[in-house]
Amino acid sequence: QVQLVESGGGLVQTGGSLRLSCAASGSISSINTMGWFRHAPGRQPELVAAITSGGSTNYADSVKGRFTISRDNAKNTTVYLQMNSLKLEDTAVYYCNAPPRDGILGTGSWGQGTQVTVSS
């Protein structure tokens, strides 16, 4: 079993930056891809970014060029989400996800979520 703990959320003004972290523990050898999702009130949950153990990444169109996902496999598999040029519409609860090795994003283990609030 994998446990995920997020940190780094908070309140920031438009145009500002935040860096989210997600630390994995437990059966980390089973982890391949890790991802960040977000869920805003009244909106569908959205995959924001994902990264494989080999470092391949993909992003939602809404965050391309502004957000960067990275991974430190040396630190018990910690994944980061650097968020720059934040917009009001980035306000959401952000969740870290680690699917089973052969599973798909959105399944498997989840963190508790961290609130990101962007204000004008």
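## A hairpin to start with

I51 has T57 in β6 as its bridge partner. Strands here are DSSP runs of E with at least two residues, helices are runs of H or I with at least four residues, and both are numbered from the N terminus. Two strands count as paired if DSSP finds at least two bridges between them. The pairing of β5 with β6 is antiparallel and covers 3 bridges. Their hairpin has 5 residues between the strands, and G55 there takes a positive phi near 95 degrees.

This is a predicted model: local features need pLDDT of at least 70 and side-chain atom pairs count only at pLDDT 80 or more, while totals for chains, interfaces and linings use all residues. Residues are numbered from 1 along each chain as its sequence is written, and side-chain values use heavy atoms, with hydrogens and water left out.

G54 sits in the loop between β5 and β6 (57-59). Is G54 buried or exposed? G54 is exposed, with a relative accessible area of 70%; buried means under 20%, exposed over 50%, and partly exposed in between, using a 1.4 Å probe on protein chains only. The C-alpha atoms of G54 and V2 are separated by 19 Å, and the two residues are 52 apart along the chain.

## The neighbouring hairpin and a cavity

β5 also pairs with β4: 5 bridges join the two antiparallel strands. R38 has E46 in β5 as its bridge partner. In this hairpin 6 residues lie between the strands, and G42 takes a positive phi near 80 degrees.

R38 and E46 turn up again in the lining of the largest cavity, together with H39, A40, R43, Q44, E89, T91 and A92. A cavity is a set of points on a 1 Å grid over the protein atoms alone where a 1.4 Å probe fits but cannot get out, and lining residues have an atom within 4 Å of a point. The volume of this cavity is about 50 Å³, and a search of the whole structure finds 1 cavity of 30 Å³ or more. Grid points are joined across faces, edges and corners, and the volume is the space filled by probe spheres set on them.

## The four-stranded sheet

An open sheet of 4 strands runs in the order β1-β3-β8-β7, with antiparallel pairing. Its edge strands, β1 and β7, each pair on one side only. β3 and β8 are joined by 6 bridges, and L18 stands opposite M83 in β8. β7 and β8 pair over 6 bridges too, with T68 partnered by Q82 in β8.

On β7, F67, I69 and R71 make up the covered face, whereas T68, S70 and D72 form the uncovered one. T78 belongs to β8 and is buried, with a relative accessible area of 8%. Leaving out residues up to four places away in sequence, T78 touches C22, A23, S70, R71 and D72; contact means heavy atoms within 4.5 Å.

## The nonpolar core

Which residues have the most contacts inside the largest nonpolar core? They are M34, W36, L81, M83 and Y94, in a core of 28 residues. Such a core is a set of buried Ala, Val, Leu, Ile, Met, Phe, Trp, Tyr and Cys residues joined through side-chain atoms within 4.5 Å. Among the elements giving two or more residues to it are β4 (34-39), β8 (78-83) and β9 (92-98). Apart from neighbours within four places in sequence, the contacts of Y94 include W36, F67, L81, M83 and V116.

How values were computed: 1 Å grid on protein atoms, 1.4 Å probe; cavity = no way out; pocket = protein on both sides within 12 Å on 5 of 7 lines; lining within 4 Å.
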